[in-house]
Protein chains: 2
Amino acid sequence: MIKSKALFRAFPPKDPYLIGVSGGRDSIALLHSLVDLGYKNLIICHLDHQMRGRSSATDARFVEKLAARYNVDFAIESANVRALAKKMSIETAAREARYSFFAKVAKRRKCRTIFIAHHADDLVETFLINLFRGAGSTGLSGMREVTTRRVNDVDLTIVRPLLGVWRSDIDKYVRKRRLKFREDASNKNLAPLRNRIRRRIIPYLEKTLGRNIRQNIWRTATIMSEEENFFETLLPEKLSNLTALAVEPLRKMSLAVQRRMLHKWLRAADVADIGFDLVERVRALLDVTNRVAKTNLPQDRHVRRRAGQIFIEL
Amino acid sequence: MIKSKALFRAFPPKDPYLIGVSGGRDSIALLHSLVDLGYKNLIICHLDHQMRGRSSATDARFVEKLAARYNVDFAIESANVRALAKKMSIETAAREARYSFFAKVAKRRKCRTIFIAHHADDLVETFLINLFRGAGSTGLSGMREVTTRRVNDVDLTIVRPLLGVWRSDIDKYVRKRRLKFREDASNKNLAPLRNRIRRRIIPYLEKTLGRNIRQNIWRTATIMSEEENFFETLLPEKLSNLTALAVEPLRKMSLAVQRRMLHKWLRAADVADIGFDLVERVRALLDVTNRVAKTNLPQDRHVRRRAGQIFIEL
């Protein structure tokens, strides 16, 4: 199922890796195929989202047993996602909870790379979600085969070996090998927009424009990811220690680089939900003729321009 | 209707400009609003596509009279688009015929800038067409407010003042001022894909996801255009005299720049219909371990790699 030899070379099977396993079909297939390819030194990470009542505990036991059977390590934690979701959507809250759990295990086990079971349909859906939200290209690419993400001071390398594999192929893989799996809890947490895109928009596009439409969107999304990689080479590697940014050099950057620079800066400061509008509000501060020298951030923080710099204040 | 002051500054009303006028609603509205803004030195360019029988001649007379009424210049030519369309789609053939006509007038009148009436709905449709074709990001952006295009050795500057204006606003503008217009011939030449996107996909997206969906797609498309501008600054300005490209420097470029460089090179050589697949085939030649050193182009031409260079042969 995993065809990318480059990935195999970049992440040799003998090394230790984390793997996110919900117990659903996708992560079970990923786990099985990695073990099959000779990855023995895995640490299964399972976050109990506490979203499915007693089923949540059954999911956890199911994954734990699987870890024992495959003879790989197992890390588990619980998070009250519904409580976390007061300030954001359930989907966002669940994702944030997972990543902070992954970062914790990564630190404890001294292993910074995690395999995630996102597949080609996830990629296409995420691309369309970002497009329909008007996220702009920074957000459009969304998922890359290999990417890094800084979570609670831990630099996680996220690897998605299934990004080129369709859900239907995963289905076949699972059926052929008679793999057991649990109903995926995350399907219950689907944001309404993702749900409509998966169940209505994509089928309608296929009906109206033909079967290859998903493949074509996938191709565009993948090219755009490669372009994101290019833009990243233009940005400073670490921004986390910068509390302030000088305005003048920023103003000289082209628009595309400027936006990504500000996006990265806000992200490094752990600002949640950095959308296009927020970046544009911060960008407006770079105009020194603009009398407004302050813009609000979530959680009662703000960005201020003073003495030729912008910085984040509580 | 035209709100962009920057455009107004960049293209002062006292200078001479070409304007493409089919006689349809959009171009009539553009013409009227430019004259209204004080653009007096216009040269109306009307191409008779010979697609509508006797109506074509009536369209031409209609536009000619309008030119007289507005007291602006008028240039007309006929092209047998149906005959030209043997090797390409009607929509592509019509576009190619228009641009080569525009280039001819530009040369004759020593005026290199042309106003075109593309509007926000055109932008969104073109973006979706390219997305659904899997064109990759070079093609996704499609339309920009200001862009240059080399046609038959003439560098045309194409300006689209209505890219931020929706078709519904053009309708209102035309109704309010009781402007007469002709049924747009180009609507008859709509490619089936554009037709389905306009009449089925976009209405379905609006119904399923809400009214602001078009606005959001427009925003993404506009951001991506700005990124295209950035990429252009990384490419050599003129490529037209280069018959060959050295392979080594190309290989060192990032993927995103490499693709655009090859795209621009093929375009400078007047290669028609440069799609993603063609660029990828040429890109494959850069791999010197690849034993294939030749790939076909339309019209019996091909690209060959020899002695560390790639070049186009008849």
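F115(B) is buried (under 20% relative accessible area, with exposed meaning over 50% and partly exposed in between, for a 1.4 Å probe and protein chains only), its relative accessible area being 1%. Residues are numbered from 1 along each chain as its sequence is written, chains are lettered from A and ligands numbered from 1 in written order, and side-chain values use heavy atoms, with hydrogens and water left out.

The average pLDDT of chain A, the predictor's confidence in each residue from 0 to 100, is 89, and 96% of the residues score at least 70. For the complex, the predictor gives an ipTM of 0.84 and a pTM of 0.86. Where pLDDT is low, the predicted coordinates should not be read in detail.

The same surface serves both copies, since 100% of the contact residues of chain B recur in chain A; contact means heavy atoms within 4.5 Å.

**Aromatic pairs**

Rings of Phe, Tyr and Trp (its six-membered ring) pair if their centres lie within 6.5 Å; planes under 30 degrees apart count as stacked, over 60 as edge-to-face and the rest as tilted. By this rule there are 21 aromatic pairs over all chains. One of them, Y39(B) with F115(B), is edge-to-face, at 5.6 Å centre to centre and 85° between the planes. Y39(B) lies in the loop between α2 (25-36) and β2 of chain B and F115(B) in strand β4 (residues 113-115) of chain B, so the pair ties together parts that are 76 residues apart in sequence. Y39(B) is buried, at 3% relative accessibility. In chain A, one aromatic cluster is formed by F8(A), F11(A), Y17(A), Y39(A) and F115(A).

**Strand pairing in chain B**

Helices (H or I, at least four residues) and strands (E, at least two) are DSSP runs, numbered from the N terminus, and two strands pair if DSSP finds at least two bridges between them. Strand β2 (residues 42-48) of chain B runs parallel to strand β3 (residues 73-78) of chain B, joined by six bridges. Within this pairing, C45(B) is opposite A75(B). With helix α3 (residues 54-70) of chain B, β2(B) and β3(B) make a right-handed β-α-β unit; right-handed means that, with the strands pointing away from the viewer, the path from the first strand over the helix to the second runs clockwise.

Strand β5 (residues 146-151) of chain B has T147(B), R149(B) and V151(B) on its covered face and V146(B), T148(B) and R150(B) on its uncovered one. In a regular strand the side chains alternate between the two faces of the sheet. β5(B) is antiparallel to strand β6 (residues 154-159) of chain B, with six bridges between them, and T147(B) stands opposite I158(B).

**Hairpins and positive phi**

In chain A, three bridges link strand β8 (residues 294-296) to the antiparallel strand β9 (residues 302-306), with N296(A) opposite H302(A). Five bridges then join β9(A) to strand β10 (residues 309-313) of chain A, also running antiparallel, where E313(A) is the bridge partner of H302(A).

| Residue | Phi | Hairpin | Between the strands |
|---|---|---|---|
| N152(B) | near 45° | β5(B) and β6(B) | two residues |
| Q299(A) | near 60° | β8(A) and β9(A) | five residues |
| A307(A) | near 50° | β9(A) and β10(A) | two residues |

K110(A), a residue other than glycine, also has a positive phi, near 50°. K110(A) is in the loop between α5 (90-109) and β4 (113-115) of chain A and is exposed at 72% relative accessibility. N152(A), with phi near 45°, is partly exposed at 45% relative accessibility.

**F231(B) and its contacts**

F231(B) lies in helix α11 (residues 213-234) of chain B and is buried at 2% relative accessibility. Apart from neighbours within four places in sequence, F231(B) is in contact with E227(A), F230(A) and F231(A), as well as A256(B), V257(B) and R260(B). F231(B) and M261(B), 30 residues apart in sequence, are 9.6 Å apart in space, C-alpha to C-alpha.

Notes:
Predicted model: local features only at pLDDT ≥ 70, side-chain atom pairs only at ≥ 80, totals over all residues.
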